[in-house]
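Here is a briefing on one protein chain. Keep the sequence and the 3D view open while reading.

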Amino acid sequence: MFSKKNIEDHFIVIFGSNGDLSKRKLLPALFQLYIDDFLPKKFAILGTGSMEKDDNINREDVKSALSEFSAKNSNKYPEKLEEFLNKVYYKKVQNKNEEDFEGLKNHLDKLTEKLDVKQNIIYYFSIPPFLYETVADNLVKHGLNLETDGWKRVIVEKPFGYSYATAIELDNKLHEGFDESQIYRIDHYLGKETVQNIMVTRFYNGFFEPIWNRKYVDRVEITASEKIGVGDRGGYYDTSGAMRDMVQNHLLQVLAVVAMEPPVIFDSDSIRNETVKVLQALRPIKSSDVPNQVVRGQYIATKVGDNIMQGYRQENGVSPISKTETFVAIKTYIDNWRWGDVPFYIRTGKQLPARVTEVVIHLKHAPHQLFKQLCLTQPNNMIILRIHPDAGIAIDFGMKIPGAGYKVQNVDMSFKYADLIETKIPEAYERLLLDCMVGDSTLYARADAVKTSWKFIDPIIQAWENDNNIPLFFYECNTWGPKEADNLFEDKYTTWREPEE
């Protein structure tokens, strides 16, 4: 799983510990790390929230959350569960009430003395983004950011701002009390084992890196599709959309990992330096080019079998005249020596046929096509990096069909992580939380990367808002989005790959 490192004693303070993210992801991830013996002996979790309750009631709430979202572990390790619950505490904190942070400071001082734990603290902002600045400001006002008695680190969930301007504003606010080395901008996509393995695939194997460039690559596709709609997130999603929710953070980060240059050394700064260079090299999409390089769509009510799947505008919390996109497809370029004029296609959407995240490297055809007349179609060779689900790698290439003649059929040679039956694939939040505990920011987004990705995305969003002539295409549920997305390809016979789960 992980290489075990010397993790110092510390607290994790979870702001918004009663919320969905804490219950579904953070607490199960911390419990798994406890089971796997990665947490130090002196370790405590302090949950905060607006609810009034004591430690015992909070522990029952945590136990209930783990029984629902980590049922296998809570049932299999009852003794570990009780030990873990005894390390969980609670303090009522109204995030907008400055006086409550004085109480939080006093409570941490008491726990420090009681548990004999050094005041190394991770503050996890599991709260709505509009509260980030308020909570950070209140921490600073009461000296809870100072590192005189131990290190202090802040984990901030996405979205990191709502636009380029707000991202800068948020970043400036966080830096008023915290250094860049203390700020961890979490992107759970970068915590996925298969995203990290893209670097290993490229830089460890001598037969991949020589063809990872414009000489051999025809195009690159990055797809992140979901089978579900917005569900109960309609209110949030209608102010965000697929561009802000998925492209600005997750998919541009994946693109940067796929396209980066080899770092000089394998450390946090060197890796993040190279990914930022990719984002800086993205060719800007002018407002006038948006209709030709970006397609946006929205799912509509559709009859699938005997069921009617409701459209986006019928979801709870969504405006009946909303123009928020639930599907985005982009064609872009990376203007550097490695990737000059190689198109990168990014696609994400909801209510699509499969839940899949993958990167497809389409290689150019061999220069002399000996068997061209014997094949009805001539697909490109592909390197398929499957991130989720069924994580693994496949190489697609042509083989002769047994029998007379030289008929060619494409086949694939594949590896699945599930084949490593003795190796546990950690959840993204397990890996990312552990990295923060040891002070490794490699898989966290850096400030300049966030700003650069917003700088690329902002003109597209502004063009949508300012130009009513840019169409919003509608698509039926359980399809691969609006057919107009195929128009992004330069060859009229080329279409998006349709992955299967």
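The model is predicted. Its protein chain carries 14 helices and 17 strands.

**Overall build and confidence**

- The radius of gyration of the protein chain is 24 Å, close to the 23 Å that the globule rule gives for 501 residues, so the chain is as compact as a globular protein of that length.
- The C-alpha trace spans about 80 × 50 × 50 Å along its principal axes.
- Of the 501 residues, 53% count as buried.
- The chain exposes about 23600 Å², and carbon and sulfur atoms supply 50% of that area.
- Take the contacts in the chain with a separation of 6 or more: residues 24 or more positions apart account for 78% of them.
- Mean pLDDT for the chain is 89, with 93% of residues at 70 or more.
- Confidence is highest in strand E11 (residues 327–333), at a mean of 98. It is lowest in strand E16 (residues 408–416), at 75.

**The parallel sheet**

- Six strands make an open sheet, in the order E3-E2-E1-E4-E5-E6, with parallel pairing.
- Strand E3 (88–92) and strand E6 (183–185) stand at the edges. Each has a single partner strand, so one side of each is left without a neighbour in the sheet.
- Neighbouring strands of this sheet are turned by 20° against each other on average, direction ignored.
- Strand E2 (residues 43–49) pairs with E3 in the parallel sense, over five bridges.
- Thr48 has Lys91 in E3 as its bridge partner.
- Helix H6 (residues 132–141) packs on the sheet. H6 touches strand E1 (10–15), E4 and strand E5 (152–156). The direction of H6 makes about 155° with that of E4.

- Seven of the seven residues of E11 are buried.
- Both faces of E11 are covered. Phe327, Ala329, Lys331 and Tyr333 are buried on one side, and Val328, Ile330 and Thr332 on the other.
- Strand E8 (residues 294–300) runs antiparallel to E11, and four bridges join them.
- Gly297 has Phe327 in E11 as its bridge partner.
- E11 and E12 also pair in the antiparallel sense, over seven bridges.
- Ile330 stands opposite Ile346 in E12.

**Backbone points to check**

- A cis peptide bond joins His388 and Pro389, with omega about -20°.
- Pro389 belongs to the loop between strand E14 (382–388) and strand E15 (392–400).
- Asp116 is not a glycine, yet it has a positive phi of about 55°.
- Asp116 lies in the loop between helix H5 (98–115) and strand E4 (121–125).
- Gln351 also has a positive phi in a residue other than glycine, near 55°.
- The loop holding Gln351 runs between strand E12 (343–349) and strand E13 (356–363).
- Is Gln351 buried or exposed? Gln351 counts as buried because its relative accessible area is 7%, under the 20% cut-off.

**Two residues and their surroundings**

- Asn6 is found in the segment before E1.
- Asn6 counts as exposed, because its relative accessibility is 74% and the cut-off is over 50%.
- Asn6 and Pro40 are 34 residues apart in sequence. Their C-alpha atoms are 8.5 Å apart in space.
- Phe203 and Gly49 are 154 residues apart along the chain, and their C-alpha atoms are separated by 45 Å.

Key
Residues numbered from 1 in each chain as written. Predicted model: local features only at pLDDT ≥ 70, side-chain atom pairs only at ≥ 80, totals over all residues. Heavy atoms only, no water. Helix = DSSP H or I, 4+ residues; strand = E, 2+ residues; numbered from the N terminus. Buried < 20%, exposed > 50% of the residue type's maximum accessible area, 1.4 Å probe, protein only. Pairing = 2+ DSSP bridges. Axes fitted to C-alpha atoms, helices over the stretch in contact; angles between N-to-C directions. Contact = heavy atoms within 4.5 Å. pLDDT = per-residue confidence, 0-100. Rg over C-alpha atoms; globule rule 2.2 N^0.38 Å. Areas by Shrake-Rupley, 256 points an atom, 1.4 Å probe, with all protein chains shown as cover.
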